Amino acid sequence: MAAAPAAAGAGASRGRRLAATAAAWGGWGGRPRPGNILLQLRQGQLTGRGLVRAVQFTETFLTERDKLSKWSGIPQLLLKLYATSHLHSDFVECQSILKEISPLLSMEAMAFVTEDRKFTQEATYPNTYIFDLFGGVDLLVEILMRPTISIRGQKLKISDEMSKDCLSILYNTCVCTEGVTKRLAEKNDFVIFLFTLMTSKKTFLQTATLIEDILGVKKEMIRLDEVPNLSSLVSNFDQQQLANFCRILAVTISEMDTGNDDKHTLLAKNAQQKKSLSLGPSAAEINQAALLSIPGFVERLCKLATRKVSESTGTASFLQELEEWYTWLDNALVLDALMRVANEESEHNQAPTVFPSLGTSEEGGLPHTSARAQLPQSMKIMHEIMYKLEVLYVLCVLLMGRQRNQVHRMIAEFKLIPGLNNLFDKLIWRKHSASALVLHGHNQNCDCSPDITLKIQFLRLLQSFSDHHENKYLLLNNQELNELSAISLKANIPEVEAVLNTDRSLVCDGKRGLLTRLLQVMKKEPAESSFRFWQARAVESFLRGTTSYADQMFLLKRGLLEHILYCIVDSECKSRDVLQSYFDLLGELMKFNVDAFKRFNKYINTDAKFQVFLKQINSSLVDSNMLVRCVTLSLDRFENQVDMKVAEVLSECRLLAYISQVPTQMSFLFRLINIIHVQTLTQENVSCLNTSLVILMLARRKERLPLYLRLLQRMEHSKKYPGFLLNNFHNLLRFWQQHYLHKDKDSTCLENSSCISFSYWKET
């Protein structure tokens, strides 16, 4: 008797489903034309009306249609999944259906990622496409979010295993089917909810990978302060989880479009800044503040960044993580590469292979850890490199943010710099092994390989750490700090206050500090190396700010000037980026330093060498103008000094003699003003405007400003466009006033780097 109401209920349910289907098909008389089904579903997906889900079809019809279209039974499985995942379900049957769906999608996604096109071409419509088209993605989102619903005051629960299956299927669909990730990104409540799934270790890796993909396409940045219990969530992560979580943080704390920062015009940036002032802090700034408010967050990042390979996760737990990676598509290729590293290393050592090839162990997974296989050292190293990449990026972004001083203080306190110094030879700048890991689709010298990316990230961190901050002296060890003091004493000049204030317990230990180690590898770098740019930028940031004779001499004694000149002149470097970074570094190294000019003259000791050097300068003033500015400022200072050593340099140095000529200065001035316009000014080329102003300010000091302006006017006429140059310059000066008179930092930088008071800049 009890079966009757159930049957009646089932009949009523089927009736409602048929009615809904008929309504959706409208005037078709309740029978769709099979060829149009996918098109109708696609339209329904876009409009939200009509056919949108498998539940709008009968099982008989779907089975019939499947025989013709080869949909792998996915629509029927979705029909069952819908029926077994209602609010009062115990989800047992639901989970077994998910287990059936999962392999149909994961095989396809693996083939898609590994570019096995033969596999994907066998089916007319990919399984992931069919799964999404018949409403599978929306249904899984609903199932995952069931715990947010309360029935009679009690929250619904689903198992971690079931969440894991849902996440895997969603991710595989995102990989293969265009538009799915964007649709998920638009569901803000779902994205926030995903963060709560990271509380479980079982679902952490799947959740983190899906979130990372979603945030990568999300138009508006998510706000971390909206994530429930963010502080306890992050505090409860183990170090392994925290390192993986940094991949997500990288997207949430970086300002949008920072990749092309130098290419954005200053006009656009100024307009954006005005808009931002009225809107308050950006989402990225809010997220940075949210993270910094979590107790112990920066300390844990510093520990992760400086952890030695031997201190990292033990073999057993690393193998467990690799097993998770193997079942999780995004990392399968990484795992494959790691396995290859292991096998190569074993062969090299003529030892038996530690791991069998993929797919040979039970159930296609990794061998059980009970085999007590020792993890190869190269695999441990690569594991650690991939973690450190993400951690260093997050620290770097925080160092450049609004709370820079707070982050600086914490990074110093938690000994990040000495820790990185201890890792420099064995991990950060280790020699490339034949089996160095290379990601799928890349080669060993590609900037995307983990080894290379870690080096670049490390150099970016050093640049951010040293730039205009007295903590830069933590890059030295005690002996090197004593050397700086001795240089000041010998030159009879006061010691730099920041050197005296440096906490000696926080500096580098060992025979060499981090800066010295960097100089050593910089001098050995091959001519075509992509690291040269970043190395030069990192060292230059150490010299930036108020010019320090002791800092310059410290680097000069280590042969830096000769190395730079070799790269510019003898190797005839062609890369514009590397040339610009070397010219900028050379300018900071030589500015106001008589010894540096003597060394320059000693190296550039023939007219032929000097002509090559001038050719490099004149080939692109956007790249070399900072050097021109530094030499011009140095010349002005030397001419006002009464000193035999200075007089000797002034009489002998080819470069100073060249810059001192008025025709040379006018040629530079004319070209500097001519290559920039208000509409095209960027952070990269605005230095051309400031260099032209330095030349004119120094002319004004000598009461030559009217002469220089008249000469510019004559040059205009001779070039057949009278008025154009000076009108352009006038517009640039108007912009300069608007740009610099409202920004304290920029004006301080100009004052410190030129040793000309900002009031004199304004007056001129």
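**Buried positions and helix packing in a predicted model**

At 18% relative accessibility, Thr306 counts as buried (under 20% relative accessible area, with exposed over 50% and partly exposed in between, for a 1.4 Å probe and protein chains only). Thr306 belongs to helix 17, residues 297–306. Helices (H or I, at least four residues) and strands (E, at least two) are DSSP runs, numbered from the N terminus. Beyond the neighbours within four places in sequence, Thr306 is in contact with Lys388, Lys415, Leu416, Gly419, Leu420 and Leu423. Contact means heavy atoms within 4.5 Å.

The model is predicted: local features need pLDDT of at least 70, side-chain atom pairs count only at pLDDT 80 or more, and totals for chains, interfaces and linings use all residues. Residues are numbered from 1 along each chain as its sequence is written, and side-chain values use heavy atoms, with hydrogens and water left out.

The protein has 41 helices and two strands. Of its 764 residues, 52% count as buried. Contacts between residues at least 6 apart in sequence were also examined; 76% of them join residues at least 24 apart. The protein exposes about 35800 Å², and carbon and sulfur atoms supply 51% of this area. Accessible areas come from the Shrake-Rupley method with a 1.4 Å probe; for residues, only the protein chains shown count as cover.

Leu389 sits in helix 20, residues 377–399. Leu389 is buried, at a relative accessible area of 12%. Neighbours within four places in sequence aside, Leu389 is in contact with Pro450, Thr453, Leu454 and Gln457. Lys455 is 66 residues from Leu389 in sequence, yet the two C-alpha atoms are 8.8 Å apart.

Helix 30 (residues 576–590) and helix 33 (residues 621–639) form a contact. Their axes come within 7 Å and cross at roughly 10 degrees. Axes are lines fitted to C-alpha atoms, for helices over the stretch in contact, and angles run from 0 to 180 degrees between N-to-C directions. The two helices are therefore roughly parallel to each other (angles under 35 degrees; over 145 counts as roughly antiparallel, 65 to 115 as roughly perpendicular and the rest as oblique). From helix 30, the residues that meet helix 33 include Phe583, Leu586 and Met590; their partners in helix 33 include Val622, Met626 and Leu627. The contact residues divide into seven nonpolar, four polar and four charged. Ala, Val, Leu, Ile, Met, Phe, Trp, Tyr, Cys and Pro count as nonpolar, Asp, Glu, Lys and Arg as charged, and the others, Gly among them, as polar.

Met590 of helix 30 is buried, with a relative accessible area of 1%. Apart from neighbours within four places in sequence, Met590 is in contact with Gln552, Leu561, Ala596, Phe597, Phe600, Ser634 and Leu655. Phe600 lies 10 residues from Met590 along the chain, and their C-alpha atoms are separated by 8.7 Å.

Helix 36 covers residues 662–674. Its 13 residues should span 18 Å at 1.5 Å a residue, and the end C-alpha atoms are 18 Å apart, which agrees. The expected span is 1.5 Å times one less than the number of residues. Buried residues of helix 36 include Met666, Phe668, Leu669 and Phe670. The buried residues pack against several helices, among them helix 32 (607–619), helix 33 and helix 37 (686–701).

Two loop residues other than glycine have positive phi values. Phi of Asn229 is near 50 degrees, and that of Cys755 is near 55 degrees. Asn229, between helix 12 and helix 13, is exposed at 59%. Cys755, between helix 40 and helix 41, counts as partly exposed at 38% relative accessibility.
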